[in-house]
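Please keep the sequence and the model at hand while reading.

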Amino acid sequence: MPIQPTRRALLAAASVPLLGACGRGSGDDLEPTELTLATGNPGGVFHRYGEALAKVWQERLDGITVRTRGTNASVDNVREVSEGVSDIGFSLADTAADARRGRGTWGEPVDLWALARAYDSFVHLVVRADSQVRAVTDLRGLRVSLGASGSGTRGIAWRCMRAAGLGTDDVESVAETLQRSADGLASGDLDAFFFVSGLPNTAVLHLSQDMEVRLVPLGHLVPRLVRDHGSEFSRSSIPASTYGQERAVDTVSVQNYLLVRRALQLDLVQALTRVLFEEQPRVDELAGGVRQPNIGTAIYTSPLPLHPGALRYYREQRH
């Protein structure tokens with residue numbers, strides 16, 4: 001199992017000269033490069049944020065072309081970045097940590113590197129407003145979408161249900177994408193669906209505008225999730241105004257990481273990291289409301305190491 005770096009270790013590493021540190025660092029004169037950014041489901045924040053980032057990176061970095069690739073998100077993206085199918089990708093922190101440590105669905109440790117810790121995602125358990133479901137245990141015997149195969153949502157949904165004492169035979173589980181889950185709840189084909197996303201989630205927002213929905217509280221599950229799976233989970237709340245709820249909803253949040261392929265050149269990764277922070281107003285124009293990385297917390301990607309190009313950028317911000 002990889003050793004998790006402490007803040008002291010990160011800062012110590014940042015003070016060590018890196019290979020190529022005397023080369024270009026401004027983001028100018030980069031070699032022409034085509035990059036692929038793995039995002040997520042349409043209607044999710046990974047997708048919206050990824051589309052905006054791709055456009056901004058192309059606008060600011062001459063010779064750099066970025067195409068987005070829609071996926072079922074975290075599990076797919078970890079595989080794609082580690083195997084070189086995509087160069088950059090979003091992942092929930094628990095999925096990435098499992099892969100780096102070689103646990104859960106991963107048979108052996110996966111070589112993963114991070115560009116930054118991004119925003120936090122929130123676990124949504126969505127039901128119709130008139131549903132009798134008030135707690136996770138009320139899902140017993142119901143038809144529930146746990147998220148698409150290859151998504152981080154699916155893994156977290158199972159973890160939440162197990163933390164509440166439910167097993168695989170207690171619900172009629174289906175694997176649906178975000179939009180199909182929302183459509184299924186609206187049509188009555190589903191009783192509930194899970195999705196893990198930043199705020200606001202466009203598909204859930206549109207659903208809440210078309211019909212009355214309710215979010216089921218999950219925050220009480222956090223101690224069990226942390227004990228069983230790690231510190232990537234926290235207790236948070238979704239503001240009432242997000243989806244027109246009567247009150248804020250206590251739920252589970254999990255960090256997100258922006259993954260990057262280790263083989264990418266230091267200068268290129270440094271430039272990508274720089275634009276990630278310098279162009280946040282432009283990203284907000286393209287994807288309004290998406291919470292963007294904070295440079296003070298972006299280095300906290302344990303157990304994933306930061307790519308040396310990203311680390312070089314963060315080190316320069318200390319001076």
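In which strand does T65 lie? T65 belongs to strand 2, residues 64-69. The model is a predicted one.

**T65 and its surroundings**
- T65 has a relative accessible area of 39% and is therefore partly exposed, as the value lies between 20% and 50%.
- Apart from neighbours within four places in sequence, T65 is in contact with T33, E34, L35 and Q58.
- R214 is 149 residues from T65 in sequence, and the C-alpha atoms of the two are 41 Å apart in space.

**Helix 10 and helix 12**
- Helix 10 (residues 266-278) packs against helix 12 (residues 308-316) at an angle of about 50 degrees, and the axes are 7 Å apart.
- Helix 10 is therefore oblique to helix 12.
- The crossing of helix 10 past helix 12 is right-handed.
- Helix 10 contributes L266, D267, V269, Q270, T273, R274 and F277 to the contact, and helix 12 contributes P308, G309, A310, R312, Y313, Y314 and E316.
- Sorted by class, this contact has seven nonpolar, three polar and four charged residues.

**Backbone details**
- Most peptide bonds are trans, and most residues other than glycine have a negative phi.
- A cis peptide bond links L199 to P200, with omega near -10 degrees; P200 sits in the loop between strand 7 (192-197) and helix 7 (202-210).
- The bond from S302 to P303 is cis, with omega near 5 degrees; P303 sits in the loop between helix 11 (280-286) and helix 12.
- A73, a residue other than glycine, has a positive phi near 85 degrees.
- A73 is placed in the loop between strand 2 and helix 3 (74-83), and counts as buried because its relative accessibility is 11%, under 20%.

How values were computed: Residues numbered from 1 in each chain as written. Predicted model: local features only at pLDDT ≥ 70, side-chain atom pairs only at ≥ 80, totals over all residues. Heavy atoms only, no water. Axes fitted to C-alpha atoms, helices over the stretch in contact; angles between N-to-C directions. Helix = DSSP H or I, 4+ residues; strand = E, 2+ residues; numbered from the N terminus. Parallel < 35°, antiparallel > 145°, perpendicular 65-115°, else oblique. Left-handed = near helix turned anticlockwise from the far one by under 90°. Contact = heavy atoms within 4.5 Å. Nonpolar A, V, L, I, M, F, W, Y, C, P; charged D, E, K, R; others polar. Buried < 20%, exposed > 50% of the residue type's maximum accessible area, 1.4 Å probe, protein only.
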